[in-house]
Amino acid sequence: MKIDKLIIGIIILALLVGLPLILAQPEEPKEKTIIINAKQFSYTPDTVEVNRGDRVTIRLISTDVHHGLYIDGYEVSTDARPGQDGSLTFVANNTGKFVMRCSVTCGPFHPYMIGYLKVKPDYRLFGSIWLAVGIFICSILLVSRRQKQ
Amino acid sequence: MTEKILGLIPVDWRFELTSLPYVRKIIKSRWMPFLPIVLNLSVFTVILMAGFVGGVSAGNYNFGIMFVWIVWWLLLMMVMVPFFSRVWCMICPLPAFGEWLQRLGFMKVRNKLFGLNKKWPKALKNMWLVNFLFLGTTYTTGFLTTRPIATFILLMSIIIGSIVLMAVFEKRNFCKYIGCPVGGFLGLYSNIAVTEIRAKDPQICKDHKHKDCVIGNEKGHACPWMILPFDIGRNTYCGMCLECFKTCPYDNMAINLRPPATDLLVDKNRGLDEAWKAFIMLGIAIFFFLIMQGNMGFLKDWANATTTEGYLTFVALHSIFNLLLIPGVFFVFVYASRTLGNKEIPLKKLFTNFSYTLVPMGLIAWIAFSFGILFPNSSYVLHVISDPFAWGWDLFGTSHFPWTPFLTGVMPYFQIGTLLFGLVLSLDIGFKISKQTFQKRDQAVRGFIPIAAFLTVVTIFLIWLFTG
Amino acid sequence: MEKKQITEIIAAILVLLATVGVIGAALLYDEHLWGGLRTIELTAQAPERGNWNIQEIHLVRGEPVRIKIRNIDTVSHGFAIPELGISLNGTGEIKPGNVGVIEFTPEKTGDFLFTCTTWCSTQHMQMTGRIIISEK
């Protein structure tokens, strides 16, 4: 039983040590301009990664039909027709993954036309993984503890 | 000491919902569930008509697509299955025509059913057929959820198939084993439901030699789902048709409130068919997410059959992932569990028993997935109820309501919250199953660790996939 | 009649209402909604999927008419008769699954072009038709 506890102790320690490393603010905020090409039914690039605090401008270019771009959480949107680009600007204050979805019905797969905006550092992801591991460890501890009684 | 679900509610805690006299009266009336079925039928008439006139037009503005794949699917996964078991089967209008044909009437009781009344072959009395049927149906998800006519074809084939097959095979064999793509997971996932239909006092049933619920009487039909109402055990195959409430001369049937997931602890009739159902459902939730809410354009082209090769690649990958890869990975963890726990327990038994931990995990994965549809896309429903056939109507004044996503900022937290709750529930069930399977407590603890690790890994993977 | 038979008949009527009744009511309502004025029903689809269902519309000068444009496509479309200065209100766009309605009385005779006004596909420019207005 002692070894078990030692292992669990090491895991918890590793998690705690890892915490500040991952939460550390990586870079100074910057101006970023990103060009996204929209085509039935995907965006290129399909994932946009920025850092917290960045001022992000997205230029949307459509190469086939009328497309849109709506960003979950930030609730901003723009649209583009071939030859008529769209653009939007926002400050990436919320971290995590946000879905960018097409906001103009563009074809059968329109509801599935999706890209991701990832604002780093993703506290939410790290926090929830940490919670899941915590739940795992607690459950093992709980069932082992009852055993001794 | 009785076990407690999540350490809170004793496994055998029950509260009878049908104890109120007028509730019981409604349940015992032959108008129930006939009236809800007919009401539901009228909605399905609109769905079918909208699917038919909608053709290949945009699915997101089609009543049929929206009501089947958003309203119905979300209600099913988020409300009906977790809270009311197979209540959908109670009110499902699709096999109603077949059943009315068998009974040669709508309300009357006819103990000699019309039709060939063939028995269902014993070898097929399991979930394998519906496993493949559902997996097969998901191959066409790119069409079903985007082309109104595809939904029309699917629903019509279920209706016509049910009429034909119910004329051949007796009672509800169609729903149970052959024709309903969703029947399998409704059955398996209903094991989690917080409601159940059971006999009130088993002693009364024991003393009652003439089992009216099984053979029927002038008040009601013999159990159409061909189970033993006096000994239901698990919700899996109880279609909640309420016939046993009508046939029971002692009024001994009840709808109970109970703690969640208790049926998963019933160590009877477990099987590999249900294990695979659990794998397939988990895999489909992942694949559906990738197709519908993922960022990989090529996968959408595959599912949309832009090229034949792409489509076949999708079908192949989807099948291998669900039928082999998930069970394969799970097998490794079960093997580890046996090595740590007790090598004398048959591997098959461990594999089957532990696979039931994936039932809460799977349902929760589907609920988390459904949040990703609910918040961004449910506003379409307002449009389609005002103009169901795209004929320029404006029944409720909402036909020009624009697509409005809501709460998309907090959506990930809903998903993470449900997934973590799912982890807690499946770990709880996992350890109970472990104790049941290994018998000895120390073995159970050691054998539980790899399974718990697997469940945690799956949860983390899903959190990462959905929100990270 | 026996009570059982009566309930059976009521049940049968309910089932009929839920199926044939719903379809009938929908058709009647639609008839009622669009009755009266002469209505031309255009369905809009991008050229590669079938284009306008009617390529030539014949109208009579001085006779009021309603053009109902049903977008049964998967992308947005528009409708205009530039030479007559007729176009849709608002954004001028009809979303998929939506319907646009234009009511007007032709004032002059001739052969005019009607066209989609939204960039709906690479063949958008071919999405046109003719309106021929003649004397009575």
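Which helices cover the buried residues of H2(B), and from which chains? They include helix H3 (63–84), helix H4 (87–91), helix H5 (96–103) and helix H8 (148–168) of chain B, together with H1 of chain C. The model is predicted: local features need pLDDT of at least 70, side-chain atom pairs count only at pLDDT 80 or more, and totals for chains, interfaces and linings use all residues. Residues are numbered from 1 along each chain as its sequence is written, while chains are lettered from A and ligands numbered from 1 in the order in which they are written.

**Chain B overall**

- Chain B contains 21 helices and five strands; helices (H or I, at least four residues) and strands (E, at least two) are DSSP runs, numbered from the N terminus.
- The radius of gyration of chain B is 23 Å, close to the 23 Å from the globule rule for 468 residues, so chain B is as compact as a globular protein of that length. This radius is taken over C-alpha atoms, and the rule is 2.2 Å times the number of residues to the power 0.38.
- The C-alpha trace of chain B spans about 65 × 55 × 40 Å along its principal axes.
- Of the 468 residues of chain B, 51% count as buried (20 or more other C-beta atoms within 10 Å of the residue's own, with C-beta atoms placed from the backbone).
- Among contacts in chain B with a separation of 6 or more, 78% are between residues 24 or more positions apart; a contact means that the C-beta atoms, placed from the backbone, lie within 7 Å.

**Domains of chain B**

- Chain B is divided into domain 1 (4–263) and domain 2 (287–467), with bounds from an automatic or database domain assignment.
- The centres of these two domains of chain B, taken over C-alpha atoms, are separated by 23 Å.
- In chain B, 30 residues of domain 1 are in contact with 30 residues of domain 2.
- On the domain 1 side, two or more residues come from each of H2, H3, helix H6 (128–139), helix H7 (141–144) and helix H10 (183–189) of chain B. H3(B) gives the largest share of that side, nine residues.
- By class, that side of domain 1 of chain B has 23 nonpolar, seven polar and no charged residues. Ala, Val, Leu, Ile, Met, Phe, Trp, Tyr, Cys and Pro count as nonpolar, Asp, Glu, Lys and Arg as charged, and the others, Gly among them, as polar.

**Helix H2 of chain B**

- H2(B) (residues 31–54) has 24 residues and reaches 34 Å from its first C-alpha to its last, close to the 34 Å expected at 1.5 Å a residue. The expected span is 1.5 Å times one less than the number of residues.
- Its buried residues include Ile37(B), Leu41(B), Phe44(B) and Leu48(B).
- Gly55(B), which follows H2(B), has a positive phi, near 55°.

**Chain C against chain B**

- 25 residues of chain C are in contact with 21 residues of chain B.
- Helix H1 (3–34), strand E3 (65–71) and strand E6 (99–104) of chain C each supply at least two residues of the chain C side. The largest share of that side, 14 residues, comes from H1(C).
- The chain C side has 13 nonpolar, five polar and seven charged residues.
- Chain C is assigned domain 1 (1–35) and domain 2 (39–134), whose centres, taken over C-alpha atoms, are separated by 37 Å.

Notes. Two residues are in contact if their C-beta atoms, placed from the backbone, lie within 7 Å. A residue is buried if 20 or more other C-beta atoms lie within 10 Å of its own, exposed if 12 or fewer, and partly exposed in between; C-beta atoms are placed from the backbone.
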